[in-house]
Amino acid sequence: MQNARTASWNLEPWLTVSVEYANEGLLRCDVIVDTGFTGWLTLPEAVIRELGLAKIGTLPATVASGETGHFPYYQTRIMWHGRFHWVEVLESIDQPLLGMELLRDNWITIGAWDGGAVVIEEARPERLL
């Protein structure tokens, strides 16, 4: 089971992930599970700066308002199901988001009530449809 955490007010499903610093160690980051975001992870500029990540370039992305822009992106590793996993990180203005690319080949259960749990499990091949 991946890190489980309760959902916050407004039924936003929050999860805590451990993101690797550029030099050494892990930073625990609270992120919103966003099934409308097709990428890996977004983090605010202040968190990216704290992690010491180096900018790789920019990537186009469409935000919830429908506007498309180019956003700085970075690479780092996160602890995912007990193993390090490389991810692309887009710089966000405010909300840290965990997207569908990271959820690929996983089962996700969200208790859709205030305080409901968020559970992410690796999908075994025999359970994939």
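## The main pocket

Strand 4 (41–44), strand 5 and strand 7 each put at least two residues into the lining of the largest pocket. Strands here, like helices, are DSSP runs numbered from the N terminus (E, at least two residues, for strands; H or I, at least four, for helices). This is a predicted model, in which local features need pLDDT of at least 70 and side-chain atom pairs count only at pLDDT 80 or more, while totals for chains, interfaces and linings use all residues. Residues are numbered from 1 along each chain as its sequence is written, and side-chain values use heavy atoms, with hydrogens and water left out.

The largest pocket comes in at about 600 Å³. Of the 24 residues lining it, F37, T42, T62, V63 and L97 are the closest to its centre. A pocket is an open set of points on a 1 Å grid over the protein atoms alone, where a 1.4 Å probe fits, with protein on both sides within 12 Å along at least five of seven lines; lining residues have an atom within 4 Å of a point. Its volume is the space filled by probe spheres set on the points, which are joined across faces, edges and corners. Strand 7 gives the largest share of this lining, five residues.

By type, the lining splits into 12 nonpolar, eight polar and four charged residues. Nonpolar covers Ala, Val, Leu, Ile, Met, Phe, Trp, Tyr, Cys and Pro; Asp, Glu, Lys and Arg are charged; the others, Gly among them, are polar.

## The second pocket

The second largest pocket holds about 160 Å³ of space. Its lining includes W40, W80, H81, R83, F84 and E122. Strand 7 and helix 2 (100–103) are the elements that give two or more residues here, and strand 7 again has the largest share, with three. This lining divides into four nonpolar, three polar and five charged residues.

## Strand 6 and its partners

Now for the strands, where a pair needs at least two DSSP bridges between the two. Strand 6 (residues 68–80) runs antiparallel to strand 5 (residues 57–62), joined by six bridges, and F71 is the bridge partner of L59. These two strands make a hairpin with five residues between them, and G66 in the turn has a positive phi of about 100°.

On to strand 7 (residues 83–92): eight bridges tie it, antiparallel, to strand 6, with W80 partnered by R83. That hairpin has two residues between its strands, and H81 in the turn shows a positive phi of about 55°. Strand 2 (residues 14–20) also runs antiparallel to strand 6, through two bridges, and S18 stands opposite M79.
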